[in-house]
Amino acid sequence: MARQIGDVILEVEDLHTYCFTRFGTVKAVDGVSFSLREGEALAIVGESGSGKTMTALSLLQLQPRPAARIVKGSIRLEGEDLLKKSEQEMRRIRGRRISMILQDPQTSLNPVFTIGNQLIEAIQNKHAGEDRRSLVRRAVDSLKQVRVAAPERRVEDYPHQISGGMKQRVVGAIAISCGPRVIIADEPTTSLDVTIQAQYLRLLREIQEETNLALIFITHDFGIVAKMCDRVVVMYAGRHVESGPVRDIFNSPSHPYTQALLRSVPSMDEDIERLYSITGQPPALWDLPEGCRFAPRCPHADDRCRSSYPRTLTAGRNGTTHTAACWRLDHPG
Ligand SMILES: Nc1ncnc2c1ncn2[C@@H]1O[C@H](COP(=O)(O)OP(=O)(O)OP(=O)(O)O)[C@@H](O)[C@H]1O
Ligand SMILES: [Mg+2]
């Protein structure tokens, strides 16, 4: 089945997740909005600490509690507001309707259980009442789906008996085992070498072609974004600052932060010796400036930028969904 971009399946609006610590309130996610369609691959990019993982965890209501709390916003999955669900209802939603592949595959498997048992653990609630043999068959099937060779033997293995790339696949198999409609892959590749990375991401895209699920890739890597994704959300200091179709963002980035990020990507065709880096540091999330958060690092910032946060404005030509939060786009008339 070919991948088809369908209806909006997930809609995040004005999400705020704060961490309440002894030292103050860390505004880890401070106004993030985006939507995701069936069959679509959306990238969330931004520097370390910009709130990408906290956004993803919030979608599943797995933000580190009790410190982190969702204080504002809405998260609608297939039209239902997830923030109105009880913990018990969320347990039925996680894995089955929305699933996450965690940042580090090495630590997301339990060393004392076999691969098969960890898969069964993930699927048994959905298939309550089935006997062990049929659960093992399902575990084997989900390993097949992520192209693990000799899956009948692999279910007997412990995590230390398989390679890093294979572990990553197993984590992927657990994530897809209950047939979710949305999968969030948080830096699925950091601890793997580049070839395995590419294979793994290609695999996720293949599974997407088969099942038309919606994917969110969280990454630092614009190369991955260009190859794998349809749309991009750029985050800076807890907020989305620009979003739109991949091609528009690459061809005409509108936010000075996105422009700087793209300049910092090494290009294949040019022989760049030194990586461009963005001067300055992101603001402290417990002491944010009043105006645009990028203003202290922005070459174009003026008084308005420093005093009031820019609205999200249309950046693309008419009819595109390319937007950015930058006062430079505010041309009256
Ligand atoms: N339990 C916590 N208590 C306080 N602050 C936290 C907690 N967890 C995360 N943070 C802060 O929230 C902010 C956002 O973190 P997050 O992990 O979402 O960033 P990220 O964009 O995923 O970064 P990376 O690219 O490094 O994975 C960071 O400044 C982090 O220090
Ligand atoms: Mg992260």
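Is Lys 167 buried or exposed? Here are a few friendly notes on this predicted model, starting with that residue.

1. Lys 167 is buried, because 20 other C-beta atoms lie within 10 Å, and burial here calls for 20 or more. The residue sits in helix H7. Its C-alpha is 7.8 Å in space from that of Leu 109, although 58 residues separate Lys 167 and Leu 109 in sequence.

2. H7 lies across strands S6 and S7, and its direction makes about 170° with that of S6.

3. Beyond its neighbours within four places in sequence, Ile 184 is in contact with Ala 56, Leu 59, Met 100, Ile 216 and Ile 218.

4. Now the sheet. Its 8 strands form an open arrangement in the order S6-S7-S8-S3-S9-S10-S12-S11, with mixed pairing. Strand S6 (98–101) and strand S11 (313–314) are the edges, each pairing on one side only. Helix H1 (residues 52–59) packs on this sheet, where it touches S3, S6, S7, S8 and S9, and its direction is at about 150° to that of S7.

5. Finally, a pairing to check by eye: S7 (residues 182–186) and S8 (residues 214–219) run parallel, joined over 5 bridges. Within this pair, Ala 185 has Phe 217 of S8 as its bridge partner.

Note on methods. Residues are numbered from 1 along each chain as its sequence is written. Chains are lettered from A and ligands numbered from 1 in the order in which they are written. This is a predicted model: local features need pLDDT of at least 70, side-chain atom pairs count only at pLDDT 80 or more; totals for chains, interfaces and linings use all residues. Two residues are in contact if their C-beta atoms, placed from the backbone, lie within 7 Å. Helices (H or I, at least four residues) and strands (E, at least two) are DSSP runs, numbered from the N terminus. A residue is buried if 20 or more other C-beta atoms lie within 10 Å of its own, exposed if 12 or fewer, and partly exposed in between; C-beta atoms are placed from the backbone. Two strands pair if DSSP finds at least two bridges between them. Axes are lines fitted to C-alpha atoms, for helices over the stretch in contact, and angles run from 0 to 180 degrees between N-to-C directions.
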